[in-house]
Amino acid sequence: MGVSLLLLVGFLTCPTVLLSAPTTSASKLKYLLEPPVYAEVVARRGENATLPCILKSKPDHYKVKWTKLEPGRVGPENLVIISNEHAFKRHGRLGPRASLRRAHNMDASLRLGPLRLRDGGRYRCELINDIEDESVVVTLRIEGVVFPYQSPKGRYRMNFREAEAACEEQDGVLATYEELYRAWTEGLDWCKAGWLQDGSVRYPIISPRPACGAQTGPGIRSYSPKDKDVDRFDAFCFTSLTAGSVFYIPGAFSLEEAGRACGRRAAELALVGQLYAAWRFRGYDRCDGGWLSDGSVRFPIGTPRGRCGGIPEPGVRSFGFPNQTSHLYGVYCYR
Ligand SMILES: *[C@@H]1O[C@H](CO)[C@@H](O)[C@H](O)[C@H]1NC(C)=O
Ligand SMILES: *[C@@H]1O[C@H](CO)[C@@H](O)[C@H](O)[C@H]1NC(C)=O
């Protein structure tokens, strides 16, 4: 787990200190993005994170309440933990994975883990005392990788629910707009539109070209609102670190034989998300097309070279969904 940028530790004696973006400088940049400056804790799936909340002075009687802020949520707030000086009580969906760090007697920091893909967001630490009520907000970001996903049936075949299910089947979740935006800043250029978590349909373009809406500069292209049941697109999925690892078995397998080859090594055909996670977090680089569990054939490239697909950027390359009886490929397994 790392703490990115300057982690501003808010003191509870100040009236509501929000750990959010300081106002950007008055000068408007012409060629570069305004730097996103905000305090956040960054961690990967499976890791533990600590969200800081430190008392500057202690009232006689108080409680500390941690809540996950979920804009648009209907119903009661998403309480995580409530504590007094001596004990704490866990609540809700996150409670079982939450505790207070209590590194010292002024420490009300929240420990959360093992983290899941959707734990990212804004968390409020609130000090409740007889007269005052103060809070700080800390952002938790799950570090991950966004991957475009097309149905084995072809381009633009999934409504929103199907896109959601497809990401889950590949060890991911539908990406949020923020996750897609970050992936775009990191180099994702993809000329096919996909569903995002909020039901919007977008795609990220770095090099504008006629086929991808060339009239505007680089950026995230957005479609007008779409009908979640009727309209069909691809998906942008988000995943993060995996507990196991991906390995390759060379060979000339059909898809069925590929599955058996993994089975003999006490492994399973890798999911698309698992291959992306290995590429992104373990530097997995292999210039051989291999079957994955959805019937696609892909390979991960960390250091681009001429004879490995010829694309100058690192990435996971795809041969699409070849005939499953063709004996041309090795296999990527996960264990
Ligand atoms: C997370 O915390 C738990 C409980 O303290 C610990 O057992 C586990 O090893 C930690 N996991 C990681 C990845 O640090
Ligand atoms: C896959 O290849 C086999 C053998 O060449 C052929 O019989 C079959 O029709 C092909 N399947 C599809 C879906 O193209």
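Guide: Two strands pair if DSSP finds at least two bridges between them; helices (H or I, at least four residues) and strands (E, at least two) are DSSP runs, numbered from the N terminus. This is a predicted model, in which local features need pLDDT of at least 70, side-chain atom pairs count only at pLDDT 80 or more, and totals for chains, interfaces and linings use all residues. Residues are numbered from 1 along each chain as its sequence is written, and side-chain values use heavy atoms, with hydrogens and water left out.

Visitor: Which residue in E11 is the bridge partner of Cys125?

Guide: Strand E10 (residues 121-128) is joined to E11 by eight bridges, and the two run antiparallel. They form a hairpin with four residues between them. The partner of Cys125 in E11 is Val136.

Visitor: Which residue in E11 stands opposite Ala43?

Guide: Strand E3 (residues 40-43) runs parallel to E11, and four bridges join them. Opposite Ala43 stands Ile142.

Visitor: How many of the 10 residues of strand E11 are buried?

Guide: Buried means under 20% relative accessible area, exposed over 50%, and partly exposed in between (1.4 Å probe, protein chains only). Strand E11 (residues 133-142) is mostly covered, and its buried residues number eight.

Visitor: Within what arc do the buried residues of H3 fall?

Guide: In helix H3 (residues 255-264), the buried residues are Leu255, Ala258, Ala261 and Cys262. They line one face of the helix, because seen down its axis they fall within an arc, taken from the directions from the helix axis to the C-beta atoms, of 110°.

Visitor: Which residues are exposed on the other side of H3?

Guide: The buried residues of H3 include Leu255. On the other side, the exposed residues are Glu256 and Arg264.

How values were computed. Chains lettered and ligands numbered in written order.
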